[in-house]
Amino acid sequence: MRHAAGRYRRRAPGQPRAVGYLYVLPALALYGVFLLFPLGQTVWLSLLHWDGLTVATWAGTDNYQALLTDPSLRGPFLHALALLFFYAALPVALGLLLASALSRFRVRGMTFFRTVFFLPQVLAMVVVGVTWRSILGPDGLLNDSLRAVGLGSLARSWLGDYTWALPAVGTIGTWVETGLCVVLFLAGIQRIPRELYEAARMDGAGPLREFFAVTLPALRAETAVALTLTIVAGLRNFDLIYITTGGGPGNATSVPAYEVYHRAFETNEVGSAAAMGVGLTVLIFVLTVSVARLVEGRNR
Amino acid sequence: MRAERPTGAGPVRRVPPRPQPPRQHPFRHSPFSGAGRIRRRRTAALVLAVGGALLAAACVPGTDGSGAVGAGVPGSAATSKPDPAKAGKATLTVWDQEVRGGQNDELERLNAEFEKKYPHIRIKRTARSFSDLKTTLKLAISGNKPPDVIQANQGYSDMVAFVKAGLLTPLDNYAGIYAWNTRYPSTLLNLNRVSVDGRDFGTGRLYGISQTGEYIGVYYNKDVLEKADVKPPKTWGELTDALPRIKDKGELPVQFGNLDKYPAIHTFGVLQNQAGGAQETRESVFGRGKGFDNGPTKEAARTLADWKKNGYVPKGANGTGYDDAAKKFAGGEGAFLITGTWQLPDLKKTMGDSLGFMPPPPAKKDAAPVTTGGQGLAWSVTSKSRHPEVAAAYLDFITSRHAADVMTEEGVLPALPGKAARDIPEGSVDAQMVEGWERLNADDGLVPYLDYTTPDFYDSLSADLQGVIDGSVSPDELSSKMQRSYTDFQDKKRAEGKAKQ
């Protein structure tokens, strides 16, 4: 007993030890089997020309070159980046605005509002898609409301319009992700010491100044988390596109995640689909790491 | 002054007046917040792990080569009618997509009858919707224990790909034994043929047999036509003349929803045939024609765009779902609806006697009608099936004369209408559908679906047609894009052919 205690005393408490890996092993095994292995397989497939059935032929970097040069493969990535404005930038901005407004005033039934804001996150994307598809339809709620207030000339078939389909799908994303951001930021704001606000007010800071001097810097970590989550959600957006537009009209709303499915299962281009999947993985990785570095401000 | 003020995140040195929650950030342990050295080690571990997984994946043949051309094609040496009763105890696994009302009922009935006829044979059925079947079938039949009987979609992306991989059994011998060759018109059988080298479609060996027929026709709402004082058209000219008159009466001439992209292919196909492109289209779909850089193709695109411009189809056509449009039509919105026979049971249920149906009316009265159409998915036997003879007997059973009557009773259009079809009351919408089908077959009026043409034709055409409707793709552009897709694919096939020799 004393022996063991003696041995451990040499080490600072909490210092990493090799035995730790033993605890991680079960999780790591699962992670390896269900994540790392398929990832490796995807990379391997992306180096092949394969229709999913007959013998594959070696493609080398063909699929990746096509990713950069073929407009029908490049397009989806551009759409995804455009969607990030609606999926990440807008929700974070709106979330900050709403959270700081909500925290300034004592709102009765705060829990209720928090729940309402968060609700879209809990709903299955399929339900969200079907609902919004009917709202945005030619005779949907949105157009009906526009006509009711005399703006009938603005009414259009939002999901069938080349110019408006992408923003329309983006708006659904904003609706879904804003709630997450609000709840995250509300939690963050509650942890900001009140005296910081008091001090700011004593120095004569108005609500705007207060926001930029106290709230925004204090929410840096939450902003990073919110951005990471929303960027990932925006880039791997599949279900919403599948349900609402199927990539149309034309290819105006096709995104990488949808294109992966489409190529792998519908047009028998498994290699190309895999390359697209890898490209998407890399893009997500690069963006989330940049967020961690630039916004969260670690590792500087 | 201001610079000295703590700006938020920095630690506050004063003793807090009341207990504060710990300032530790909840996500401190997120993967992107470690210190530099640990991160580097972690990255190394990650690279190792990914590398290892990659190696492991490389060893596994991600590409199962067992299905190469010629590898597993048994010659199906049967010479006389197989008797499933002698096959001993067997289970027949069947994967189909007949999940809709009448089709499901019809098949359930036939399966039960088959099991009753051969008591020691059990049918294990897996029914999935069309798109669910399409996404899972490839994996299922390339495995080691594939289903015995499957429903394969005609065209390059499914049936031809399966044949190329040697996953389906040729049925030519059975077609002789069971007299499918004489029972079915050759236009229908040809749709289920694939060439021996697995490159061409519409010719070569027989790989499946279809149970049902289908074609694109014109549904009309008798009440709406009456309100607009228009008689059901007898010629295509009468139909197009009626459109502005219906519109003037404040009714919608043609109901149309194209959010799902594919409906426009059907409408466009009908317009193309009416513009005189039927023969050329048929040749080109099978890779024997000159393609689509022709007058009828452009004229059809122009007509479609004009219909949109003139308000003959709804303004928001590209934003309305296919099913929604059908529902609106059933609800009295629209005089005509141009779509397939598969909609008939559902429309009839809500519209009753006010529903009428016909093949697209010909240019001259009583001339032979022409339209896009063909048959239901092919029922095929997999090459690894352990009971190919039982499977063939099953195929014969569900396409027999008796089966046709069962289909008719359940409101489904059989590929070969039987006795029950002749007993349908004259003038009813079902009778109109069957009459149209028999007329189309007798006069060789069926043009295969345009999307069979090349593997990516569905994609490009459906996307471009949305553009035509929107006005952003001109008829000339559409026709030249279709032509390019066609010639690219034909060139590719020829190049592959040369490489093989």
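Predicted model: local features only at pLDDT ≥ 70, side-chain atom pairs only at ≥ 80, totals over all residues.
In an unreviewed UniProt entry, residues 21-40 are listed under "transmembrane region", together with 77-99, 111-132, 164-189, 210-235 and 273-295 of chain A. One of these, residues 111-132, is 91% helix and 0% strand, with 26 Å between its end C-alpha atoms. The unreviewed UniProt entry also gives "domain: ABC transmembrane type-1" for residues 77-291 of chain A. Over residues 77-291 the chain is 75% helix and 0% strand, and the end C-alpha atoms lie 19 Å apart.

Helix H5 covers residues 110-122, which makes 13 residues. From its first C-alpha to its last, H5(A) reaches 18 Å, close to the 18 Å expected at 1.5 Å a residue.

Helix H11 of chain A, residues 220-235, has 16 residues and reaches 22 Å, close to the 22 Å expected at 1.5 Å a residue. How much of H11(A) is buried? Of its 16 residues, 12 are buried, so H11(A) is largely enclosed by the rest of the structure. Among the buried residues are A:Ala221, A:Glu222, A:Thr223, A:Leu227, A:Ile231 and A:Leu235. The cover over the buried residues of H11(A) includes helices H4 (71-104), H8 (165-190), H10 (207-218), H13 (256-266) and H14 (270-295) of chain A.

Chain B brings strands into the story. Its secondary structure comes to 19 helices and 13 strands, and 53% of its 501 residues count as buried. Among contacts in chain B between residues at least 6 apart in sequence, 77% join residues at least 24 apart.

Five strands of chain B form an open sheet in the order E2-E1-E3-E12-E6, with mixed pairing. The edges of this sheet are strand E2 (121-127) and strand E6 (209-210), each of which pairs on one side only. Further in, strand E1 (residues 90-96) and strand E3 (residues 149-152) run parallel and are joined by two bridges. B:Val94 has B:Val149 in E3(B) as its bridge partner. Helix H3 of chain B, residues 130-141, lies across E1 and E3 and runs at about 140° to E1(B).

Another pairing in chain B links strand E7 (residues 213-221) to strand E10, with four bridges and an antiparallel run. Here B:Tyr220 has B:Gly356 of E10(B) as its bridge partner. In a regular strand, side chains alternate between the two faces of the sheet. Which residues lie on each side of E10(B)? B:Leu355 and B:Phe357 are on one side, with B:Gly356 and B:Met358 on the other. These residues are all buried, and both faces of E10(B), residues 355-358, are covered.

A last stop is B:Thr487, which lies in helix H19 of chain B, residues 475-500. Is B:Thr487 buried or partly exposed? The relative accessibility of B:Thr487 is 29%, so this residue counts as partly exposed. B:Thr454 is 33 residues away from B:Thr487 along the chain, and their C-alpha atoms are separated by 9.6 Å.

Methods. Residues numbered from 1 in each chain as written. Chains lettered and ligands numbered in written order. Heavy atoms only, no water. Expected span 1.5 Å × (residues − 1). Pairing = 2+ DSSP bridges. Contact = heavy atoms within 4.5 Å. Axes fitted to C-alpha atoms, helices over the stretch in contact; angles between N-to-C directions. UniProt positions renumbered as here; feature names shortened; annotations may be inferred. Buried < 20%, exposed > 50% of the residue type's maximum accessible area, 1.4 Å probe, protein only.
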